[in-house]
Amino acid sequence: MVTQHPHEAVQAYVADLGQRLREARRDRYTVKELAATAGVSSGLISEIERGHGNPSFKSLYRISQALGLRVGDLLTPESDRQQAAANIVPRDQRKLLQLGENGLVWQLLTPNLQGKLEVLKTSIPPGFTNEEAPFLHEGEECVFLLTGTALQVTVAGELFTLEEGDAITYDSGNSHWWSNPTDTDAVVVGAVTPPSF
């Protein structure tokens, strides 16, 4: 099997996302109506639908809520939503999720976002922080620092520092954010239930 270059994978993902958004919006909203309901710009929705946008998770969340969907419904093709008794996700066939320009790259380790569990491998670049736009979603989350010098995780205003091999579990209904204060990538494996994407 030929492995897709990461840039090509992101382009394919954005094009697929645009098509799924257009299909979900069709016959329900105009671009302008959906933008007003979701609290985002019409230009952003048009860009995404044309396969040119690379929206932030926050924007996708707002759009999916306005459509009465989970973010995963926009990110996962219909053909990938069926569950078998067991599913293998080969390392060269992981779905790549890169939202916005913040540098985070998520690889989906579970076969899709339709089950009861979501497991992601996330690469966090040096200097990254999402303190200004923290995560907040239903459920429970466990994050394991696979590689990296340190990762700071702030949950409900309390700062925790993970070293390589450490894990942290928290109620993801609390505002939480990550920071990589080092000069090397941090790679985490995170499990979330129920899926938040």
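These questions and answers go through the terms used for a predicted model of one protein chain.

User: What makes up the secondary structure of the protein chain?
Analyst: There are five helices and nine strands, where helices (H or I, at least four residues) and strands (E, at least two) are DSSP runs numbered from the N terminus. From the N terminus on, the order is α-α-α-α-α-β-β-β-β-β-β-β-β-β.

User: Why is Pro195 called buried?
Analyst: Buried means under 20% relative accessible area, exposed over 50%, and partly exposed in between (1.4 Å probe, protein chains only). Pro195 has a relative accessible area of 9%, so Pro195 counts as buried. Of the 197 residues of the protein chain, 41% count as buried.

User: What does Pro195 touch?
Analyst: Contact means heavy atoms within 4.5 Å. Not counting residues up to four places away in sequence, Pro195 touches Arg70, Leu113, Gly115, Lys116, Leu117 and Glu118.

User: How do you know whether Arg25 is buried or exposed?
Analyst: Arg25, in helix H1 (residues 6-25), has a relative accessibility of 14%. That value is under 20%, so Arg25 is buried. Leaving aside neighbours within four places in sequence, Arg25 is in contact with Thr30, Val31, Leu34, Glu49 and Leu67.

User: Which residues of helix H3 are buried, and what makes them line one face?
Analyst: In H3 (residues 42-49), the buried residues are Leu44, Ile45, Ile48 and Glu49. Seen down the axis of H3, they fall within an arc of 130°, so they line one face of the helix; the arc is that of the directions from the helix axis to the C-beta atoms. An α-helix has 3.6 residues a turn, so residues three or four places apart point the same way.

User: Why are Asp27 and Ala156 called exposed?
Analyst: Asp27 has a relative accessible area of 79% and Ala156 has 55% relative accessibility. Both values are over 50%, so both residues count as exposed. Asp27 has a positive phi of about 65° although it is not a glycine, and phi of Ala156 is near 50°.

Conventions
Residues are numbered from 1 along each chain as its sequence is written. This is a predicted model: local features need pLDDT of at least 70, side-chain atom pairs count only at pLDDT 80 or more; totals for chains, interfaces and linings use all residues. Side-chain values use heavy atoms; hydrogens and water are left out.
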